[in-house]
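Please keep the sequence and the structure in view while reading.

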Amino acid sequence: GQVWKETDSDTAHFNKNVANTVTLTTAVVANGLSFQNGRVTFSGSGSPSLTIGAGGVTFTNAGSVGGDTSFGSTLGTITLSASQVWANNGQNAYTVAAGVKGADASAVIWTLGNQSGFTNSFSGIIANGASAGTLALTVNNPGAGIHNISGTANTYSGKTTVERGILQIASLRNVGGGASSLGAVTTVSDGTIDLGSGSNTASLIYNGSGASTSDRVINLAGSS
């Protein structure tokens, strides 16, 4: 298997058509991750962490070994050190139970793309980086896939934009109202949720366990 060093700036490729388990025991840094075949389960023990750079994450998973690639909760926190795209162009979904946070002291935009037709799931806490670092979330699905944010304790404070495709959430609070599936925004500007872009259609689906009200503005910016 590949050994990652803390100074790595390369993209790690997973191309074996088998079910792999990768256990992190210390801090690991990669410019990006590319899943081309098989299924990978990430877990952690000891003091693990994973930092992903501007290369982001790409799934093409065309092999015969099916199933969802997963980032388990024992992995700790995934740090996005730069703005990046997670693009699912494969034949399976992926799940993220680990926490995800932005870079320290800088603004990061995390873009989620899904052409697979499957539902990618996020249950870990999505947060800002330290020292005034902020994380914003953009969904840009060129296909019929869905991104489902089931976690309700997310504290990121950047803007949420659904340029095209479907974003599914479990909670939504007022501006200044604390954590929710779509973060803990503190300003009307950051709390405004843009749906659509130009001729692109977009949908925001609430699937929480009870009724929900929010004063967050929904801006119909396209053919939503």
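In this predicted model, Asp104 and Lys101 form a salt bridge, with 3.2 Å between the closest N and O atoms; a salt bridge here is a side-chain nitrogen of Lys or Arg within 4 Å of a carboxyl oxygen of Asp or Glu. A search of the whole structure finds two salt bridges. Because the model is predicted, local features need pLDDT of at least 70 and side-chain atom pairs count only at pLDDT 80 or more, whereas totals for chains, interfaces and linings use all residues. Residues are numbered from 1 along each chain as its sequence is written, and side-chain values use heavy atoms, with hydrogens and water left out.

**Asp104 and Lys101**
- Asp104 is partly exposed at a relative accessible area of 45%, and Lys101 is partly exposed at 22%, where buried means under 20%, exposed over 50%, and partly exposed in between (1.4 Å probe, protein chains only).

**Lys159 and Asp194**
- Lys159 forms a salt bridge with Asp194, and the closest N and O atoms are 3.6 Å apart.
- Lys159 lies in the loop between β15 (146-149) and β16 (160-169) and Asp194 in strand β17 (residues 193-195), so the pair ties together parts that are 35 residues apart in sequence; strands (E, at least two residues) are DSSP runs numbered from the N terminus.
- Lys159 is partly exposed, with a relative accessible area of 23%, whereas Asp194 is buried at 16%.

**Ala211**
- Ala211 is placed in the loop between β18 (202-206) and β19 (218-220), and counts as exposed at 88% relative accessibility.
- Ala211 and Ser171 are 40 residues apart along the chain, and their C-alpha atoms are separated by 9.2 Å.

Conventions. Helices (H or I, at least four residues) and strands (E, at least two) are DSSP runs, numbered from the N terminus.
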